[in-house]
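Hi everyone, thanks for coming.

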Amino acid sequence: KMQASPAPTAAPTSSPAPSQSIKPTKRTAKDYIFGKLIGDGMFSTVFLAKDIHSGKEYAIKVCEKRHIIRKKKMEYIKREKDALNMLFKVPHGFVKLYCTFQDVDRLYFVLSYAKNGELLSYINKVGSFELNVAKFYAAELLSALEKMHAKGIIHRDLKPENILLDENMHLQIADFGTAKIMDPKEIKSAPVVQEEDPTRNERSRKISFVGTPQYVSPELLHNCVDTRTSDLWALGCIIYQMISGLPPFRAATEFLTFQKILKMDYEFPEGFPADAKDLVEKLLVLDHTKRIGANDKGDTYESIRSHPFFAGIDWENIWEQTPPTIS
Ligand SMILES: NC(=O)c1nn(CC2CCNCC2)c2c1CCc1cnc(N=C3C=CCC=C3)nc1-2
C-alpha cells in the first residue's frame with residue numbers, strides 16, 4: 001500500500017526496539033484542508049488540498065465507493081492506482097500518487113498538484129503555439145510516452161485537457177483511469193501486428209473503453225484493438241492542435257467525428273510548417289502497424305526522435321531545461 005511521507009512524529013529519544021519501530025501513520029481526510037474543486041469527472045472529483053502538517057498543496061481525487069460499485073468501475077480505479085504506482089519512481093512527465101486512503105463512503109488519491117493547469121488552456125489562451133514551443137512540449141510528451149510505454153502502460157485518453165503543467169511549466173500527464181497495463185515484454189518486443197481478436201464476432205464485440213472523440217484512434221473504433229500506437233495517434237492530434245489551435249478531427253457530433261477519423265478526413269491549414277506536417281502525417285496513419293514508431297525497439301521511439309521536426313531537441317536534458325515562454 002502506498003504510504004505518504006510519514007506524518008511528523010516526535011523524534012524517538014532512543015532507537016526503539018525493532019518490534020516497536022515507528023510505523024508511518026496512515027493519512028486520513030482530517031490531515032488535509034480541502035479547497036477549491038479543480039476537476040469533476042464521471043467517477044471522481046478532484047480538489048486542491050493542503051496537508052495540515054507540511055502545508056504542502058496536493059490534488060486529492062475523491063471517488064464515491066457506491067458509485068464505483070454501481071457502475072462496475074472497480075477495475076478502472078485499481079488500474080489507475082497500479083499505473084500511478086508503477087510511474088512513481090519516474091522523475092518527470094507524470095502526476096505523482098503519494099498515498100491513498102479511504103473512509104466509509106469514499107476512496108482518496110493524494111496526487112501532486114500541477115499548479116499551472118491544463119495545456120489546453122494555454123493553447124486556447126494564445127490561439128496556437130509558436131513552433132519552438134510546440135516542438136518543446138511535443139518532445140516532453142514523446143519522452144513521457146516512452147517512459148510510460150516502457151513500463152507497459154498505455155494511457156488511451158491522451159488529450160490537452162489531461163496534459164498538465166507543473167509550477168516550472170514542465171509537462172505532467174494526468175488521469176490514468178482509462179489506462180491499460182500490458183506485460184512490458186509484450187508492449188515493445190513483438191512488432192505491433194495485433195490482429196482483430198477472432199473470438200470476438202460483431203455482436204459480442206464490445207469496446208470496453210473509448211477515449212475522447214477528437215483523439216481516439218481508428219483501430220480502437222474499428223476493431224477495438226488498443227496498443228501503445230493508440231497513444232502515438234493522440235500525439236499526432238496534439239502536435240497538430242498545438243500548431244493550428246484546433247484538433248484535426250472535429251465535427252458537430254461524436255459520431256460525425258468518428259466518421260471523419262475513419263475516413264482520415266482532415267486537412268492542414270495554410271502555413272502549417274512542412275516538418276510538422278510530415279510528422280503528423282506519419283502519426284495519423286489508419287493502419288496502426290504502419291504508424292511511425294510502431295516497430296521501434298527498446299525504450300525510446302528513435303524513428304520519431306530522429307524526425308526533422310525534432311531537430312535540435314536535447315533529449316537527455318529536456319526535463320532540466322527551462323521551457324520556452326508560451327506567448
Ligand atoms: N482525473 C484526475 O486524475 C485529475 N483531474 N485533475 C484536474 C482535471 C481538470 C480538468 N482537466 C483534467 C485535469 C487533476 C487530476 C490528477 C492530479 C492533478 C494535479 N494537478 C491538477 N491541477 C490543475 C490546476 C489547475 C486547473 C486544473 C488542474 N489537476 C489534477
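Let's begin with rings: those of Phe, Tyr and Trp (for Trp, the six-membered one) pair if their centres lie within 6.5 Å, and planes under 30 degrees apart count as stacked, over 60 as edge-to-face and the rest as tilted. With that in hand, look for Tyr32, Phe34, Phe47, Tyr58, Phe88, Tyr98, Phe101 and Tyr108, which form one aromatic cluster.

Before I go on, a word on the source: this is a predicted model, where local features need pLDDT of at least 70 and side-chain atom pairs count only at pLDDT 80 or more, while totals for chains, interfaces and linings use all residues. Residues are numbered from 1 along each chain as its sequence is written, and side-chain values use heavy atoms, with hydrogens and water left out.

Back to the rings. In total there are 19 aromatic pairs in the structure. Take Trp233 and Phe249: their ring centres are 5.7 Å apart and their planes sit at 10 degrees, so we call this pair stacked. Helices here are DSSP runs of H or I with at least four residues, strands are E runs of at least two, and both are numbered from the N terminus. Are these two residues, Trp233 and Phe249, buried or exposed? Both are buried, meaning under 20% relative accessible area, with exposed being over 50% and partly exposed in between (1.4 Å probe, protein chains only).

Now find Tyr76. The charged end of Lys73 sits over the ring of Tyr76, 4.3 Å from its centre, and the charged end of Arg79 sits over that ring too, at 5.3 Å. The rule for "over" is NZ of Lys or CZ of Arg within 6 Å of the ring centre and within 35 degrees of the ring normal.

On to the ligand. An oxygen atom of the ligand is 2.9 Å from an N or O atom in the Lys61 side chain. For Glu118, a side-chain N or O atom is 2.6 Å from a ligand nitrogen, and a polar side-chain atom of Asp175 lies 3.3 Å from a nitrogen of the ligand.

To finish, the whole chain: the protein has 10 helices and 10 strands, and buried residues make up 49% of its 327 residues.

Notes
A polar contact is a pair of N or O atoms within 3.5 Å; within protein, one must be able to donate a hydrogen and the other to accept it, and residues adjacent in sequence count only if both atoms are side-chain atoms.
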